[in-house]
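Me: I am new to this structure and would like to learn how to read its helix packing. Please take me through it step by step.

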Amino acid sequence: MNTEKDFSPLTPNIVRALNDKLYEKRKVAALEIEKLVREFVAQNNSTQIRHVIQILASEFALSQHPHSRKGGLIGLAACSIALGKDSGLYLKELIEPVLTCFNDSDSRLRYYACEALYNIVKVARGAVLPHFNLLFDGLSKLAADPDPNVKSGSELLDRLLKDILCSNGSTTSTSRRHAKCSATQTACFPCY
């Protein structure tokens, strides 16, 4: 990754942290991205929002460097969380790079892609339905993944999608599921 390149509005510290091998540093960068995108949402600045998503997708999630790809995935999930109900306006740009990472040879990266997509879908809820065929194709690849963590992550995403389909975008069944996850100690993706 070219560290001299201008990635504004992402700061050099965010760029450095997104490329870091440590998850904790990438998570800090994701929180900064979430804050930045929230500011753009408050300003109704869709141009800057699209620019941030485009940088995260092309320069990070689709990068040749594994740590950059992981940073891009967590960054895209952070954008979706910051956008909240408005994430539906950017779903194509958020989903496609994540789905590309489903084909990565690194099982950890496939897991992170599944986690990122879970967080994007969780926020977007019913707005993902027009993209259902793409999501289903991606999930069907992961359902047979040889890595048990990836397979488990894809099952969580599959349940979330089924929940959305059955509830037609209602949030009540998801909150019940999370209460059930806590009560039964069932694995559940965190927000990053």
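Predicted model: local features only at pLDDT ≥ 70, side-chain atom pairs only at ≥ 80, totals over all residues.

Me: At what angle do the axes of helix α3 and helix α4 cross?

Reply: Helix α3 (residues 46–61) and helix α4 (residues 66–83) have axes that cross at roughly 160 degrees and come within 8 Å. Angles over 145 degrees count as roughly antiparallel, so α3 is roughly antiparallel to α4.

Me: Which residues in α3 meet residues in α4?

Reply: On the α3 side they are I49, V52, I53, L56, A57, F60 and A61. The α4 side supplies S68, R69, G72, L73, G75, L76, C79 and L83. Sorted by class, this contact has 11 nonpolar, 3 polar and 1 charged residues.

Me: Which residues of helix α5 are buried, and what covers them?

Reply: Buried means under 20% relative accessible area. In α5 (residues 91–101), the buried residues are L91, L94, I95, P97, V98, L99 and C101. Their cover includes α3, α4, α6 (107–124) and α7 (132–143).

Me: Which residues have the most contacts inside the largest nonpolar core?

Reply: They are L10 and I33, in a core of 56 residues. The helix that gives the most to this core is α6, with 11 residues. Leaving aside neighbours within four places in sequence, L10 is in contact with V15, L18, I33, L36, V52, I55, L56 and F60.

Note on methods:
Residues numbered from 1 in each chain as written. Heavy atoms only, no water. Axes fitted to C-alpha atoms, helices over the stretch in contact; angles between N-to-C directions. Helix = DSSP H or I, 4+ residues; strand = E, 2+ residues; numbered from the N terminus. Parallel < 35°, antiparallel > 145°, perpendicular 65-115°, else oblique. Contact = heavy atoms within 4.5 Å. Nonpolar A, V, L, I, M, F, W, Y, C, P; charged D, E, K, R; others polar. Buried < 20%, exposed > 50% of the residue type's maximum accessible area, 1.4 Å probe, protein only. Core = buried A, V, L, I, M, F, W, Y, C linked by side-chain atoms within 4.5 Å.
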